[in-house]
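Open the structure in your viewer and keep the selection tool at hand. The stops below say what to select next and what is there.

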Amino acid sequence: MATASKQLFERKRRDANALQADYTLPMIHNVMTSREWATLGALALIWGAAFSFIKIAVSHIDPLTYVWLRLSIAACGLYLFMRLRGHRLNLPLPLWGSILVLALLNTTIPFALFGWGQQHIASGLAAILNATSPIWAVLVAHAFTADEKLTPARLIGVLIGVMGVATMVGPDLLAGGGDLLAQLACLVAAFCYALAGVWARRFRKLGVTPIKVATGQLLAGAFVMAPFALAIDQPWTRLMPPAEAWAAIILLALLCSAFAYVLYFRLIDSAGATNALLVTLLVPPVAILLGTLLFGERLATSHFLGLGLIALGLAAIDGRLIAFALPRARA
């Protein structure tokens with residue numbers, strides 16, 4: 001009898017452990033794995049190319065219309081992909097409020113600001129300004145999360161990064177340069193991305209998969225942008241965009257939005273918002289190279305100095321380079 005009771009106890013214990021495993025969320029990896037670094041690299045290539053695609057698109061299409069088309073095509077593509085894999089969106093009605101906030105912070109507002117900004121400044125400069133997202137994310141994450149608090153190294157990184165921003169924007173700010181508003185628009189967009197990265201963490205706790213989050217935000221963003229694009233841009237009064245503009249929008253929608261956001265939200269789930277936003281440091285070299293090759297863009301010395309300071313600040317925020325250097329210095 002005792003043996004039977006012991007076996008029953010062990011079986012129930014195993015069942016309980018299995019259930020616990022199903023409902024226990026994985027811990028955030030503050031130090032990323034090789035797979036997470038590979039995901040980061042793929043996102044850097046995709047989003048680095050995105051700045052060139054945006055430059056092509058907004059050369060022929062008004063910014064709000066470009067954003068609406070990009071989000072609509074991306075939402076349709078990702079929703080079709082979900083259905084082909086046998087999944088349904090099935091998001092609870094109360095959750096759509098949070099999805100809408102994410103769509104505003106992560107798609108509609110920054111997409112429109114970068115689209116307008118890149119009508120006035122080089123795509124490489126826009127990518128550098130976008131690289132400030134992790135700097136703002138450190139401050140936002142400290143205020144609104146329990147496991148991504150500000151440390152002395154991160155505070156130093158933020159201060160160095162702000163110096164980088166001042167190095168790039170400062171001369172135009174003092175001289176009242178014509179590109180100032182475009183640069184400020186890109187900085188506001190980068191701050192929106194930082195807010196979105198932290199906001200997106202709530203869906204992990206609610207058990208919503210990355211592909212559902214990505215699809216939901218694209219659908220919500222497309223619905224939000226439709227009335228603005230139609231009322232303000234009145235696209236039916238414009239000439240039909242050339243094939244290269246349509247190709248750029250389709251690539252932005254399917255590759256840089258639908259596919260990339262699934263990777264991005266998976267990275268946030270496993271490595272946290274601050275680590276995921278490190279992708280913005282890897283994007284500028286890709287964007288600068290493509291901007292030079294495709295559009296003959298040339299950046300000022302102050303822009304490269306600013307990028308260097310931002311990179312140094314992000315290295316301090318990340319902490320791994322410092323941790324790697326200290327043991328060698330002691331040796």
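Start by selecting arginine 202 and tryptophan 199: the arginine lies over the face of the tryptophan, at 3.4 Å from the ring centre. A charge sits over a ring here if NZ of Lys or CZ of Arg is within 6 Å of the ring centre and within 35 degrees of the ring normal. Next select arginine 70 and phenylalanine 111, where the charged end of the arginine sits over the ring, 3.8 Å from its centre.

Before going on, note that this is a predicted model, in which local features need pLDDT of at least 70, side-chain atom pairs count only at pLDDT 80 or more, and totals for chains, interfaces and linings use all residues. Residues are numbered from 1 along each chain as its sequence is written, and side-chain values use heavy atoms, with hydrogens and water left out.

**The whole chain**

Show the protein chain as a cartoon: it has 14 helices and zero strands. Helices (H or I, at least four residues) and strands (E, at least two) are DSSP runs, numbered from the N terminus. Of the 331 residues of the protein chain, 49% count as buried. Buried means under 20% relative accessible area, exposed means over 50%, and partly exposed lies in between (1.4 Å probe, protein chains only).

Select residues 123-130, which make up helix 5. How many of the eight residues of helix 5 are buried? Eight of the eight are, so helix 5 is largely enclosed by the rest of the structure. Among them are Ser123, Leu125, Ile128 and Asn130.

Move on to residues 133-144, helix 6. This helix has 12 residues and reaches 16 Å from its first C-alpha to its last, close to the 16 Å expected at 1.5 Å a residue. The expected span is 1.5 Å times one less than the number of residues. Buried residues in helix 6 include Pro134, Trp136, Val138 and Ala141.

**Aromatic pairs**

Rings of Phe, Tyr and Trp (its six-membered ring) pair if their centres lie within 6.5 Å; planes under 30 degrees apart count as stacked, over 60 as edge-to-face and the rest as tilted. By this rule the count comes to five aromatic pairs. Select one of them, tryptophan 47 and tyrosine 264: this pair is edge-to-face, 5.5 Å centre to centre, with 70 degrees between the planes. Tryptophan 47 lies in helix 2 (residues 34-58) and tyrosine 264 in helix 11 (residues 243-276), so the pair ties together parts that are 217 residues apart in sequence. Tryptophan 47 counts as buried at 15% relative accessibility, and tyrosine 264 counts as buried at 3%.

**Salt bridges**

A salt bridge is a side-chain nitrogen of Lys or Arg within 4 Å of a carboxyl oxygen of Asp or Glu. A search of the whole structure finds two salt bridges.

Select lysine 55 and glutamate 297, which form a salt bridge with the closest N and O atoms 3.9 Å apart. The pair links distant parts of the chain, 242 residues apart: lysine 55 is in helix 2, and glutamate 297 is in the loop between helix 12 (279-295) and helix 13 (301-318). Are these two residues buried or exposed? Lysine 55 is buried, and glutamate 297 is buried too.

Then select arginine 238 and aspartate 62, a salt bridge whose closest N and O atoms are 2.9 Å apart. Arginine 238 is in the loop between helix 10 and helix 11, while aspartate 62 is in the loop between helix 2 and helix 3 (63-84), 176 residues apart. Arginine 238 counts as partly exposed at 44% relative accessibility, and aspartate 62 counts as partly exposed at 22%.

**Loops**

Stay in the loop between helix 10 and helix 11 and select glutamine 234. Glutamine 234 has a positive phi of about 45 degrees although it is not a glycine. Most residues other than glycine have a negative phi. Glutamine 234 counts as partly exposed, at 34% relative accessibility.

For another positive phi, near 45 degrees, select asparagine 90. Asparagine 90 lies in the loop between helix 3 and helix 4 (96-117), and at 62% relative accessibility it counts as exposed.
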